[in-house]
Amino acid sequence: MKTFNYHTPKDVKEASKLASSSSAFLAGGMTSVPSMKLGLATYKDIIDIKHIKKLSGIKVSGKSVTIGATTKHVDVATSKEVKKAIPSLAKLAGGIGDAQVRNRGTVGGSIANNDPSACYPSACMALNAIIHTNNRKIEASKFFKGMFETALKKGELIEAVEFQIPEKSNYQKHPNPASRYAIVGVYLAKHKKEVNVAVTGAKSSVYIDKDLSKKLSSSFSSSAIDGIELDSSEMNSDIHASGEFRASLVLTYAKKAVEAC
Amino acid sequence: MASLVGSRVERKEDKRLLTGKGRYTADINIANQTYAAFVRSPHARAKIKKVDTSKALKASGVVSVLTGEEIATDKIGGLIAGWAIRSEDGSEMKVPANPPLAKDNANFVGEPIAVVFAETLDEARAAADLVSVDYKVLKGVINTGDAMKSEAIHDGIDKNLCYDWLLGDRKAVEEAFAKADKIIKVDLINNRLVPNAMEPRACVVDYNTASEEITLYTTSQNPHLSRLIMSAFGGVAPENKLRVVAPDVGGGFGSKINVYNEEIICSWASKKIERPIKWIAERTESFLTDTHGRDHVTHAELAVTNDGKFLGFKNETIANLGAYARVFGTVTPTYLFGPCATGVYTIPAAYSNVKAVYTNTAPVDAYRGAGRPEATYTIERLVEKAAMELGIDRTEIRMKNFPTEFPFKQTLVHTVDSGDYVSGLKKAKEMADYDGFEARRKKSESNGKLRGIGVSSYFEACGIAPSAVVMSLGCGVGLWESSEVRFNPTGQVSVFTGAHSHGQGHDTTFAQIAADELGVPLETIDVVHGDTDKGTFGMGTYGSRSLAVGGIAIVNACKKIVAKGKRVAAKMLEVNEDEIDFKDGEFVVTKSNKKKTIGEVAFACYLPGSRDSEFKSPLPEGEEPGLIETSFFDPANFSFPAGSHIAEVEIDPETGEVKVEKYTAVDDFGRIVNPLVVEGQVHGGIAQGIGQALHENTEYDETGQLITASYMDYTMPRADNFPEFNLGFTCTHATSNPLGVKGCGEAGAIASPPTIMNAVIDALGGQEISMPATAEKVWRACKLLKKTNSKAA
C-alpha cells in the first residue's frame with residue numbers, strides 16, 4: 001500500500017473541506033482498503049468519517065426509515081425499529097458479506113461505491129429512497145448512474161439514506177458462490193400506488209424492471225409474471241452465470257419475492 | 001492402565017494453535033533481515049528477451065536484484081520430477097529443465113523471472129515494479145485436451161507429451177469386451193483445483209557467514225526431503241550445511257510437498273548477499289504458483305453382463321502436468337491413479353492408459369488423494385451408470401462385484417491385505433436409511449424440488465509406501481520412515497519423527513502410541529518434528545502415511561527402548577531377562593513381584609554408579625549408557641482403507657441450487673488410534689470433496705490468465721454448504737504393520753466427489769453433468785429434464 005495522509009474530521013464541514021481530487025472518504029473501508037492494498041486505488045488523503053457522530057444512527061417515522069451513512073450493516077440487521085418498519089431491509093443488511101464485513105461495512109459506503117452486485121442499491125431503488133448529502137437531496141432513481149458511478153460530486157458526502165416504508169416488501173438474493181455478492185438480487189416493494197421490482201447484480205448497474213413492476217402493480221401475484229421472458233441481452237455474463245441464467249433468476253426471484261410477501 | 005490407543009484424546013496442539021500461540025514461518029524474524037519480492041511472468045508463454053534491473057537497483061532500500069542469469073552462472077539446479085515414468089513403448093519420460101528463475105522462457109503466469117531484496121517489504125515491492133522485462137509473447141497451450149495437438153512448448157518434447165503410459169493388458173480387455181452384453185461409457189473431466197492451504201507458502205533464510213550454514217524456515221510437509229532435494233539437485237549447500245525447519249505449518253494438502261523456486265532462490269541469495277531473507281506469499285501468489293491438483297480428461301468403459309457382473313475395464317486419460325513436472329507430478333496420474341481405477345471390484349481384465357501433457361499453466365502435483373480421487377470418480381461414475389442402465393439397484397450391483405476373500409488380488413497392481421466391503425456398504429445403507437429414500441424423494445417432489453441419492457464405494461492405496469515397490473515403479477527415494485525415542489534421565493520422553501504435522505494432530509496421536517508402548521503418562525511425552533537438526537531423517541507427510549509408516553517407526557523404537565530397559569532391569573533386579581515382564585511402565589519379576597519402573601531404569605541408564613556405594617553399575621556387561629533408540633520402518637505393503645459413502649441432494653430446478661441434505665460415510669481405517677482426530681480428518685476430506693463436486697473450479701482463459709485467482713471468484717466451500725456428516729466405521733486390521741492401522745487422511749476427499757455427483761445425476765434423471773455442478777449447469781440440466789419429461793408425457 002502506498003503511503004497517504006490520514007484525517008479524522010470532527011464534522012461534515014471539516015470533512016468536506018479536506019476533500020480534493022486525490023482524496024477519498026473512508027467509512028467501513030470494505031472496498032477501498034482492499035483496493036488500496038492491491039494497488040488498484042491510490043489516494044493522497046484518506047478522510048475517515050467514522051468519527052462524525054451525526055452520520056450514524058437509525059430514525060423511524062410513520063413514513064420512512066432514515067439510516068445514517070456510517071451506520072453499520074450489523075446495526076441495520078439487528079435494529080428492532082427497522083425489523084418492524086421494513087423487515088426486508090433488515091434481512092438484506094443481515095445477508096451482506098460475512099460477519100466481519102457486516103461489523104464494519106456501512107450503508108453510505110455501499111451506495112457511494114455502487115458496485116453492480118451490491119445489495120443496498122436495490123433497496124434504495126425499490127423503496128424510493130432519498131439520498132441526503134451535505135448539499136442536497138437526491139432521489140435514488142437519479143443517484144445510481146452506472147457501474148461504480150453515482151450522482152455524487154467531488155467532495156459531496158452522503159449523510160443519510162431515507163427509505164420509504166412500503167406496505168409489503170421482500171428481498172431475494174442468489175449469491176455468487178465465491179464472493180457471496182449478488183449474482184442477482186431482487187428487491188420487491190409494494191407501495192400504495194405502485195410496485196417496484198429493483199434488480200441488482202444482473203446488469204451494469206441497479207435498475208427497476210419496468211415490465212415486472214407494471215404487471216405486479218396491476219395484479220400482485222406471482223402468476224401475473226409467470227412465463228414472462230426477460231431480455232438477457234444487457235445482462236452481465238461471467239464465469240458464475242451467463243446473461244441467460246441471470247435473466248431467468250430475476251424472474252424466479254421476483255416470483256419468490258411476491259410469494260414471500 | 002487403560003490403553004490410550006483407541007480413545008478420544010483431545011488434541012494437545014490445539015491449545016497452541018487455537019490461541020494464536022502457534023509459531024509459523026511468518027512469525028519468525030531474524031535481526032537484519034531483508035524482504036524478498038518476486039517479479040513474475042504476466043504471460044502464460046513468452047520468450048524472455050531482456051531483463052533490465054538497473055532502475056530497481058537504484059531504488060530506495062534495495063539490497064540486491066537477481067535474475068535467471070545469475071542463478072545459471074552460479075550453477076544452481078532446477079526443480080525436479082521425483083518419479084521417472086516409462087511410456088508403453090519403453091521410452092523414458094520427457095522432462096523439461098525448470099530453473100528456479102526463468103532465464104530464456106516463461107511458461108506460466110506467475111513463474112518467477114527476477115527477485116528483489118530490500119530493507120522493507122514495501123521497498124522490495126516498489127522496486128520489483130521497476131524491473132523491466134522485455135518479452136516476446138507466444139501463443140500458449142492452455143487446454144488439457146488440446147495439448148497434444150498444439151505446438152510444443154518445451155524444446156524436444158513432441159506433442160507436449162511427457163509420457164504415454166500403460167498399465168494392464170489391452171488384449172485381455174478387448175477379449176473381455178467382446179464377451180460383454182453391454183458396454184457402459186463415460187467421458188469425464190476431473191476439474192483442476194487450487195489446494196488453498198490456510199497458511200500461504202513462506203520462507204525465512206538465515207545464512208551464517210562463519211559456519212557457512214544455511215537455516216531455511218519454510219512451509220514444508222517434508223523438511224528432510226526438501227533438504228535432500230535442495231542439496232542434491234539444487235546444489236544450494238551440502239546437507240550438513242543446510243538446516244531445514246518446517247515449524248507450525250497451516251495446512252498442505254500436497255501443495256507443500258514440493259521444493260519451490262522461492263525456497264531455492266532465497267537460500268542461494270542469502271548466502272550471496274550475506275543477509276537473512278524473508279518472503280511470504282500473497283494469496284494471489286499462492287493461487288498462481290502453488291501446485292494445483294487433478295485436471296484429467298478421461299474416457300472410460302466398463303464391460304458388463306446383463307445381470308450386472310463386471311468383465312472388463314478400460315481407462316484412457318489425458319493428465320495435465322502444467323508447465324513442469326514436479327516431485328509427485330508424474331506419479332499422481334500413473335501409479336497413484338491407474339491401479340485404483342478398477343475400484344473395489346473383481347474385474348478380470350483392465351487397463352489404464354495415461355498420456356501426461358505439458359501446458360502453460362501452473363504445475364499440477366499431488367493434492368489430497370492424489371490420483372485416487374480421480375480413479376474413484378472414474379469407476380464409481382461407471383458403476384452408477386451401469387446400475388442405472390441395467391436397472392439393477394446401485395448397491396446390489398456393487399455387492400455383486402465386491403471381492404469377498406482377502407487378501408484380494410486387485411486387477412492391476414495391488415494385493416489388498418484386508419477388508420470387508422460388504423459389511424461397510426450394508427452399514428452405510430442402514431445409517432443412511434437407504435430404503436426410506438423413495439418416500440423422501442416424493443416429499444421433495446411435492447415441494448417442487450428434485451431429490452437424488454448417490455453411492456460410492458472406494459478403496460485406496462496409501463500409507464506410501466514400501467521402498468522396494470515404489471523404487472521399482474520409478475520413485476527417486478525409498479519411502480520408509482524413521483523415529484528416535486529419547487528417554488530423558490528424569491523420566492520424560494521425546495519422540496522424534498520424520499513425519500510432519502500440518503494439521504493432522506501428530507502431537508497427540510503419536511504420543512498416544514508411545515504412551516501405550518512405554519507405559520508412561522501422555523503428558524510426559526513430547527512429539528518433535530519438522531527440523532532436520534532434530535531427530536534422524538524422514539520422508540514427511542503425504543499419501544496418508546504418517547501413522548501407517550511413521551507411527552510404526554515410533555512403535556518399533558519404543559520396543560527397542562523396552563528391550564534395553566528389560567536387560568538393565570534384569571541386572572538391577574538380579575534376575576534373568578526372561579523372568580521379567582514389562583507391563584504398564586513397570587519391569588516386574590513374575591515370580592517375586594519385585595519391580596522397577598521404566599523411569600527408574602532410565603535414570604539408571606544415565607547415572608550408572610553412585611558416589612557412596614561400592615562401584616556396581618546397573619548396566620549389564622557391554623551395555624552402553626543412555627536410553628535412546630532409533631528405528632527405521634519400511635512397510636511390506638501399502639495400507640488399503642476402504643468404505644462406502646451415501647449422499648442425498650435436493651435441487652431447486654428454478655435456481656439450480658444443490659443442497660446436500662444427508663451425507664453418510666462408513667470407512668474402514670483398520671485400528672483407530674484416536675476417533676476424534678480420525679473424524680476430523682474424515683470431515684475435512686468430505687468437505688474438500690464436496691468442494692470439488694459442487695463448488696471449486698480453476699479456470700484459465702484462452703491466453704492462460706488465471707481468472708479464478710482470488711476468493712472473489714474461486715469458490716471455497718463454507719460451513720453452510722454442508723449438512724451434519726453422519727460417520728460410521730467398520731474395522732479390519734491391516735496386516736502390513738503391527739498396529740493394524742490404515743491411512744485416513746485422504747479417504748474423505750477420495751470418496752465424496754463421486755458420491756455427490758452420483759446423487760446430483762440421479763436427481764437429474766441420469767443426465768451427465770461435469771464437476772463442479774454449479775447452479776447454472778444444474779439449472780440447464782433441469783430445463784432439459786423438464787422438456788424431456790413433458791415430451792414423454
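This short talk walks through a predicted model with chains A and B.

Ground rules, quickly. Residues are numbered from 1 along each chain as its sequence is written, and chains are lettered from A in the order in which they are written. Since the model is predicted, local features need pLDDT of at least 70, side-chain atom pairs count only at pLDDT 80 or more, and totals for chains, interfaces and linings use all residues.

Let me start with chain A. It divides into domain 1 (5-164) and domain 2 (168-260). Those bounds come from an automatic or database domain assignment. The domain centres, taken over C-alpha atoms, are 23 Å apart. Across the boundary, 21 residues of domain 1 of chain A are in contact with 22 residues of domain 2 of chain A. Contact here means C-beta atoms, placed from the backbone, within 7 Å. On the domain 1 side, helix 5 (87-94), helix 8 (120-126) and strand 8 (144-146) of chain A each give two or more residues. Helix 8 of chain A gives the most, with five. Helices are DSSP runs of H or I with at least four residues, strands are runs of E with at least two, and both are numbered from the N terminus. By class, that domain 1 side has 12 nonpolar, eight polar and one charged. For the classes, Ala, Val, Leu, Ile, Met, Phe, Trp, Tyr, Cys and Pro are nonpolar, Asp, Glu, Lys and Arg are charged, and the others, Gly among them, are polar.

Now, how do the chains meet? 11 residues of chain A are in contact with 12 residues of chain B. Helix 11 (residues 243-260) of chain A gives the most to the chain A side, with four residues. That side has six nonpolar, five polar and no charged residues.

On to chain B. There are three entries in its domain list: domain 1 (14-138 + 198-251 + 256-289), domain 2 (375-385 + 399-465 + 637-792) and domain 3 (480-633). The centres of domain 2 and domain 3 of chain B lie 42 Å apart, over C-alpha atoms. Their contact takes 17 residues from domain 2 of chain B and 15 residues from domain 3 of chain B.

Next, a sheet. Seven strands of chain B form an open sheet with mixed pairing, in the order 3-5-1-12-9-10-11. Strand 3 (62-67) and strand 11 (242-245) of chain B are at the edges with a single partner strand each, so one side of each has no neighbour in the sheet. Two strands pair if DSSP finds at least two bridges between them. The twist averages 20° from one strand to the next. Strand 9 (residues 202-208) and strand 10 (residues 213-218) of chain B pair antiparallel over six bridges. Within that pair, Asp206(B) has Thr215(B) as its bridge partner.

What lies across this sheet? Helix 4 (residues 121-128) of chain B lies across strand 1 (34-40), strand 3 and strand 5 (112-118) of chain B, at about 25° to strand 1 of chain B. Axes are lines fitted to C-alpha atoms, for helices over the stretch in contact, and angles run from 0 to 180 degrees between N-to-C directions.

Then the core. The largest nonpolar core has 313 residues; among the members that touch the most others are Ala123(A), Val250(A) and Val115(B). Such a core is a set of buried Ala, Val, Leu, Ile, Met, Phe, Trp, Tyr and Cys residues joined through C-beta atoms within 7 Å. The largest share, 13 residues, comes from helix 15 (residues 546-573) of chain B. Beyond four places away in sequence, Val115(B) touches residues including Phe38(B), Leu66(B) and Ile265(B).

Most residues other than glycine have a negative phi, and most peptide bonds are trans. Phe406(B) and Pro407(B) are joined by a cis peptide bond, omega about 0°. Met771(B) to Pro772(B) is also cis, with omega near -10°. Arg180(A) has a positive phi near 65°, and Arg294(B) has one of about 65°.

Are these two arginines buried or partly exposed? Arg180(A) has 19 C-beta neighbours inside 10 Å, so it counts as partly exposed. Arg294(B) has 26 inside 10 Å, so it counts as buried. The cut-offs are 20 or more other C-beta atoms within 10 Å for buried, 12 or fewer for exposed, and partly exposed in between, with C-beta atoms placed from the backbone.

Technical notes. Two residues are in contact if their C-beta atoms, placed from the backbone, lie within 7 Å.
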